[in-house]
Structure formats: structure tokens, C-alpha cells
Amino acid sequence: MGIVPGRANGGVVGERRTWPALAVASALTLVCAIVAGVAANTALAELTRGPSADEVRQAAAAEVARRWERWPVGRIFPATLTYNTEQGGVERARRVGVSSRYDCRSATDTRLHKALRAAGCRAILRATYLDALQGIVITIGVAAFPDARSAASAEHAFPRDGAPVPGLRALAFPGTVTDRFSQAGRQAATVRQAGPYVVMTTAGQVDGRPARAVGRQRPTMFSFTDDLAGQVASALTAPTAPDCAAEEWRC
């Protein structure tokens with residue numbers, strides 16, 4: 001029997017075995033489906049998961065750093081602030097007024113401007129208080145910075161010995177008992193960092209007497225001003241439970 005042309009070993013010349021290619025294509029399709037499923041599950045998990053501990057910390061820090069512009073003025077500078085007297089009692093300082101200006105330059109002496117600008121000073125809020133006996137005027141300033149590191153850098157630019165110059169500028173209100181409080185009348189100062197803020201005070205006497213004309217004073221005469229600054233600083237940096245659904249939070 002002769003060989004049929006076009007056949008060899010029982011096969012047809014030109015026949016292609018396509019099943020391996022189909023198997024590979026099927027496997028690739030399955031792999032793609034698995035990858036797509038995993039990606040979808042991962043995306044869903046990312047969208048539905050709660051914030052991580054690090055995200056909560058970042059959101060809390062961001063919320064604190066925005067309080068200076070989001071809080072009403074009465075929350076930053078309450079109508080009254082308590083302080084301890086030299087005799088051990090507790091008195092209240094009364095708020096006289098709040099400045100309508102909050103630029104960093106107008107609130108501080110010229111010698112501080114470069115350091116504040118380099119640290120990224122965003123604003124300085126100021127309010128003036130009277131002690132309970134209405135003999136001492138205290139201006140409190142809150143300088144806002146991007147973060148705590150920037151605030152710490154700015155704090156180092158202020159005198160370390162409580163000298164009022166260079167420092168926060170006095171804020172007087174005409175028509176009140178504070179209207180004689182001038183830059184020359186600044187006699188004592190405090191400065192402290194609180195998170196992304198630097199809280200400052202400058203104080204003098206209501207009669208406006210220049211600091212250079214004042215004789216020896218009681219060392220504790222102005223010590224209570226640090227109590228006032230401490231209360232403002234504590235309120236501004238007090239931790240709160242994150243509320244990621246609220247507008248002021250960015251979780």
C-alpha cells in the first residue's frame with residue numbers, strides 16, 4: 001500500500017495543536033481575575049477602614065494648629081482668667097479688649113521680625129487684661145506657627161531673663177484705664193512654647209510710668225502674668241477626641 005500524499009504518521013500535514021495556547025490564555029485570565037479581585041478587596045478595605053493611629057495623631061496636630069483661626073476670640077481669650085495672688089488667694093483678671101490686627105510684624109518689636117519670619121509666623125493674636133486691683137495691665141499674645149518645631153525656633157529669639165524688650169508690643173485701648181500703657185511702660189514679660197504656638201505676655205502699670213523710671217520692685221509683682229499665659233496655652237493645646245466627620249478634622 002502506498003503512502004497517501006500529505007499524511008505522515010497518521011497526521012495531517014499543516015495541522016496545529018492549539019490546546020497549549022488556550023490553556024495559557026485561560027491561566028492568564030484566571031490570574032488577572034484573581035489580581036483584580038485582590039485589588040478590589042484592597043481598595044474596599046482602604047475605603048472602609050478607620051484611620052490608623054498615626055493618621056489620628058496627624059489629624060489631632062493639624063486641628064490644634066488651626067485653632068487660632070477657627071476658634072472664636074472669646075475661646076482663645078476668655079472674658080476672665082484666674083491667677084494666684086502673692087497672698088495665696090485666687091483672683092480674676094478681666095479682659096479689656098482684643099486687637100483687630102493679627103500680623104506678626106505689628107505685634108512685636110522690630111528686632112524679632114527676622115526670626116519670626118524665618119520660623120514661619122502665621123499670625124499673632126493679642127488681648128489686654130487688667131488685674132483684679134486694676135493696677136497692672138497685661139497684654140497676652142498668641143503667635144501661631146506651622147508646627148511645634150517652628151514655634152520652638154521662634155521662642156529662642158526672645159530674651160531668656162524676662163526682659164520685655166525685644167518682645168510683644170503693648171496693646172492699649174483708648175477710653176479705658178489701659179490707655180496709658182505704652183511700649184516704654186513695659187516692665188516684665190514671659191514667653192513659652194505650647195505646641196505650634198508661642199504664648200507671650202508683657203506687663204506694666206496702669207499709670208503708664210516708664211520702666212526706666214521704676215525703682216526696685218517686689219520680685220513677684222508681675223509673676224501672676226505667667227498664670228494667665230499658662231491658661232491660654234493649655235486651652236489652645238488641650239487634646240480632644242478626633243471626630244473625622246466634623247469639618248475641622250482632616251483624618
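Buried here means under 20% relative accessible area, exposed means over 50%, and partly exposed is in between, with a 1.4 Å probe and protein chains only. This is a predicted model, where local features need pLDDT of at least 70 and side-chain atom pairs count only at pLDDT 80 or more, while totals for chains, interfaces and linings use all residues. Residues are numbered from 1 along each chain as its sequence is written, and side-chain values use heavy atoms, leaving out hydrogens and water.

Let's start with the overall picture. You'll find eight helices and eight strands in the protein chain; these are DSSP runs (helices H or I, at least four residues; strands E, at least two), numbered from the N terminus. Of the 251 residues, 36% are buried. Contact means heavy atoms within 4.5 Å, and among contacts with a separation of 6 or more, 66% come from residues 24 or more positions apart.

Now for the rings. The structure holds one aromatic pair, Y83 with F224, and it's a tilted one, 4.5 Å centre to centre with 35° between the planes. Rings of Phe, Tyr and Trp (its six-membered ring) pair if their centres lie within 6.5 Å; planes under 30 degrees apart are stacked, over 60 edge-to-face, and the rest tilted. Y83 sits in strand 3 (residues 80–84) and F224 in the loop between strand 8 (197–205) and helix 8 (225–237), so the pair ties together parts 141 residues apart in sequence.

Here's how the two partners are covered:

| Residue | Relative accessible area | State |
|---|---|---|
| Y83 | 7% | buried |
| F224 | 7% | buried |
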